[in-house]
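Please look through the sequence and the three-dimensional model shown here before reading on. The report is written for a reader who is new to describing protein structures.

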Amino acid sequence: TMEDNIQAKDVAALFDRAGLGASATYIEFPKNRHTNGKEAKSGKAPAQSAAGGASAAFLFKAGKADISCEFPAPALDRLLTGAPTHNKAEQAVHSGVTIAFFSLAGGGGKTTLATSLGRIVSGQGRRVVLANCASSFGFQHLVGSDAHRIGPLTFLPPPANVSALPMTLIDVTETGGGADRESALKLIMDAGLHAHATFLDLPVTPSAHTREMLRMADQVLIPLLPDLNSAASLRSIESLMESEFAGRADVHYILNRYDPSRPLHCEMRDRLQSVLGGALLPIYIREEPLVQDAMRSGLTIVDYAPQSEVVTDLQDLSTWIEQLVPRSLYLKGKTA
C-alpha cells in the first residue's frame with residue numbers, strides 16, 4: 001500500500017544516515033507472535049523487545065549469506081509507535097524524578113533555575129544529575145579547576161566549607177547526528193538510574209531532539225516571565241504539551257523574575273492564574289540582579305548570596321521537588 005511504501009522509504013533513509021545503505025533490508029513482521037531460534041533465522045517471526053512488545057527486525061546481507069538478527073533501534077521504535085523512552089523494566093529501576101526545564105521563549109531562566117535547584121537539592125544530601133541539552137554555553141560558568149571529568153561526565157564539587165554532594169554534569173549538543181543523540185539519551189538515562197533528581201535544561205526550539213528529551217521527563221517545569229513575550233508563547237506551549245506529551249508527564253508553570261511592586265507583574269500573575277489554574281505553581285521566583293553577578297563569578301545564587309530573597313523562593317521550589325522524590329531514596333543530610 002501507499003502507507004507501507006512511505007514507511008519503507010523512511011526506514012531506508014534511516015539506514016542511509018546510519019551508513020548501512022544497501023547492506024540492510026527492512027522486513028515488517030506480524031505483531032504479537034513469539035519467536036524461537038529457527039523462526040528468527042527463517043525471517044518468519046517477529047523480534048521481541050525487552051518490554052515484551054513486537055519491534056522492528058532487520059535482515060543484513062553479508063556476502064552470499066543472509067544473516068537475520070534483531071537490530072537495537074529504540075529511537076526508531078519511539079518514532080514509529082510513540083512509545084515512551086523508558087520501558088517498564090527501566091521504570092522499575094529508575095525511582096528518582098526527572099524534571100525537564102522547557103520554554104519556547106528565550107531568557108526565561110531555565111538554566112538559572114536548573115543549576116540553582118540542583119545546588120540546593122545536592123545540599124540536602126541528594127544525588128543530582130544536570131544535563132545541558134540547550135546550548136554550547138550551558139553550565140560552563142560553574143565548571144572550575146576543582147571539577148573532575150571522567151569521560152563524558154563532569155563531577156562538580158560544592159564550594160569549600162559547604163556540606164553537599166557533588167553534582168554530575170552532562171553536556172549534550174543539539175547539533176549531533178542520530179547516533180550521537182541516541183548515545184546522549186542513554187547516557188542521561190544511565191546516570192539518572194542512580195540519582196534522586198535529574199534536571200534537563202532543554203532548548204527553546206521544539207525540534208525532534210527536544211521532543212526526545214521531553215519524553216524522558218516525569219515532570220515538565222516551564223518558567224514564565226511576567227511580560228508579553230511569555231504570554232504570547234503560552235498558547236503554543238500548551239498546544240505542544242497537549243498534542244505530544246498528554247499523559248506522559250505532569251506539566252507545571254512557574255512565574256520567574258517576578259516583582260510584586262510592579263502593577264504589570266501583578267496583573268500578569270492574576271491572568272496566568274485564571275488561564276492555567278492549578279498548573280501554575282503557588283510559588284514565584286522574585287527578580288534579583290545578583291543572579292547575573294553570581295553567574296559571572298562562576299557560582300549559583302545559592303552560594304553567591306545565600307541570604308537573598310530569591311534563594312528563599314528557590315528553597316520553596318526545592319521543597320516542592322522534594323515531595324516528588326520517593327522517600328525510599330532519601331539520604332540523611334542537612335541543607336548546606
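Predicted model: local features only at pLDDT ≥ 70, side-chain atom pairs only at ≥ 80, totals over all residues.

Residues are numbered from 1 along each chain as its sequence is written, and side-chain values use heavy atoms, with hydrogens and water left out.

## The whole chain

The protein has 12 helices and 14 strands, where helices (H or I, at least four residues) and strands (E, at least two) are DSSP runs numbered from the N terminus. Of its 336 residues, 42% are buried; buried means under 20% relative accessible area, exposed means over 50%, and partly exposed lies in between, with a 1.4 Å probe and protein chains only. Of the contacts (heavy atoms within 4.5 Å) between residues at least 6 apart in sequence, 70% join residues at least 24 apart.

## Two packed helices

Two packed helices are described by the angle between their axes and the distance between the axes. Helix H5 (residues 110-123) packs against helix H12 (residues 309-322) at an angle of about 75°, and the axes are 10 Å apart. Axes here are lines fitted to C-alpha atoms, for helices over the stretch in contact, and angles run from 0 to 180 degrees between N-to-C directions. H5 and H12 are therefore roughly perpendicular to each other, given that angles under 35 degrees count as roughly parallel, over 145 as roughly antiparallel, 65 to 115 as roughly perpendicular and the rest as oblique. On the H5 side the contact is made by Leu113, Ser116, Leu117 and Ile120, and on the H12 side by Leu314, Gln315, Leu317, Ser318 and Ile321.

Leu113, a residue of helix H5, has a relative accessible area of 1% and is buried. Leaving aside neighbours within four places in sequence, Leu113 is in contact with Phe101, Pro223, Ile254, Asn256, Ile285 and Leu314.

## Aromatic pairs

Rings of Phe, Tyr and Trp (its six-membered ring) pair if their centres lie within 6.5 Å, and planes under 30 degrees apart count as stacked, over 60 as edge-to-face and the rest as tilted. By this rule there are 2 aromatic pairs.

| Pair | Centre to centre | Angle between planes | Class |
|---|---|---|---|
| Phe101 and Phe199 | 5.5 Å | 85° | edge-to-face |
| Tyr258 and Tyr284 | 4.5 Å | 65° | edge-to-face |

Phe101 in strand S6 (residues 97-101) and Phe199 in strand S11 (residues 197-201) are 98 residues apart, and their pair links distant parts of the chain; both Phe101 and Phe199 are buried. Tyr258 lies in strand S13 (residues 250-258) and Tyr284 in strand S14 (residues 280-286), so this pair ties together parts that are 26 residues apart in sequence. Tyr258 counts as buried at 4% relative accessibility, whereas Tyr284 counts as partly exposed at 22%.

## Two further residues

Arg257 is found in strand S13, and its phi is near 55°, a positive value in a residue other than glycine. His141 lies in the loop between strand S7 (128-132) and strand S8 (148-150), and is buried with a relative accessible area of 13%. Not counting residues up to four places away in sequence, His141 touches Thr111, Met295 and Gly298.
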